[in-house]
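Here are some notes to go with the model you are about to open. Please read them with the viewer at hand.

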Amino acid sequence: MPEEEVAFSLLQARKFLQSVWGDVRPDACLVCGSGWGEVVTALSPTSCVAYEKLPGMGATMVSGHHGKLWLTEPGGLKVIVFQGRRHFYEGAGWGPVLFPALLARELQAGTFLLTNAAGGIREDLIPGDLMVVSDHLNFIGSNPLIGRILHPSVPRFPDQSEVYDKGLVNCIHASGKAAGVETKEGIYLALSGPAFETPAEIRAYAKLGADAVGMSTVPEAMAAHAMGLKVGAISCISNLAAGRSSERLTHEEVERTSTVALPKMMRLLSGLFSLLTT
C-alpha cells in the first residue's frame, strides 16, 4: 500500500473511530492471533466495530479470527483489541498486516501486545504452553519495511537489538506468576505460510536457534518497534512442530488446543493489564 494511501486510510480510520467512540487515546493495543480471540471477554469490553467498516483493514480470511476491533477497559486502562489479524499469505500485501501497528501509533498507544498460535520446536515446549517471545527470526521471505517509509517516525534503518521490550517481557512473566500461569520464554521464527513446515525444515530451524514457529507477529512487531511503541508478544504452543509428533498438522488442532488453554490466557492478560496500571 503506497504511503499516501496508508496515510489516507489512517486518517479515515481515526475519523470513523472518533464518530463511534469519541476521542479515544488508548494506553495499549492487543492483537489476538489464532485461538486468542475470546480473551476479549475477560478484558471488560465496551464496544466493537467490524473490520469491514474500518478503513485499511478489510475482512479476515482465516477461521477463528473474528474480525472485530474492540474498545476494552481492563484494570482501569483503555485497550483497543484486534480480535483476529490479517496475514501476509492472504495475498493483500503488507497494508492490512501492518495496519494495527500503524493505527496504534496514530491513536498514541504506548504499548503494543501481540499474540499467536505457534508450533513448538524446543523439546520442553508442549501444546498448551505459553511462551513469551524474547527475540525472533524473520523467514517470511520479505521485510515489511521495504519500500517507502511507513511513517515519519520510522528511520530508514531501524535498530533491531531489542524488538521485544525487556521490561514488558518481565511484566508478562510477573503477571503469569501472580495468576498461577507458567510462562516460558523463547525465540519465535516467522514463515510466510500458509503451508505447515516439513520435518526437515523444523530440524534446520532448531539448529538456527528457533524455539517455536508460526506465520505472523514478526512483521507487526518490527513495524511497531520501529515507530517507537513498546512491543511484547506471547505464543500459545498449539501443536508440536512437524517431526516432533506422528500426528498430521491441522488448523483445527490449533483451535482445539487454544480453546483448552483459553482460561490461562485470560488470567495472564487480565493480570498483565492490571500490572501495567501500577
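The points below go from the whole chain to one helix and then to one strand.

1. First, the ground rules. This is a predicted model, where local features need pLDDT of at least 70 and side-chain atom pairs count only at pLDDT 80 or more, while totals for chains, interfaces and linings use all residues. Residues are numbered from 1 along each chain as its sequence is written, and side-chain values use heavy atoms, with hydrogens and water left out.

2. The chain as a whole has six helices and nine strands; these are DSSP runs numbered from the N terminus, with helices being H or I of at least four residues and strands E of at least two. Along the principal axes, the C-alpha atoms fill a box of roughly 50 × 40 × 35 Å.

3. Buried residues make up 52% of the 278 (buried is under 20% relative accessible area, exposed over 50%, partly exposed in between, with a 1.4 Å probe and protein chains only). Of the contacts between residues at least 6 apart in sequence, 82% join residues at least 24 apart; a contact means heavy atoms within 4.5 Å.

4. Now please look at α3, residues 166-179. Leu168, Val169, Cys171, Ile172, Ser175 and Gly176 are buried there. They lie on the same side of α3 because they cover an arc of only 160° around the axis, the arc being that of the directions from the helix axis to the C-beta atoms. On the other side, Lys166, Asn170, Lys177 and Ala178 are exposed. The cover over the buried residues includes β5, β6, β7, β9 and α6.

5. The two ends of α3 are worth a click. At its start, a side-chain oxygen of aspartate 165 comes to within 3.1 Å of the backbone nitrogen of glycine 167. Just after the helix, glycine 180 has a positive phi of about 70°.

6. Which residues of β1 are buried on each face? Ala28, Leu30 and Cys32 are buried on one side, and Cys29 and Val31 on the other. β1 pairs in the parallel sense with β4 over five bridges and with β5 over four; strands pair if DSSP finds at least two bridges between them. Valine 31 has phenylalanine 82 as its bridge partner in β4 and stands opposite leucine 114 in β5.

Terms used. Polar contact = N/O pair within 3.5 Å; in protein donor to acceptor, adjacent residues only side chain to side chain.
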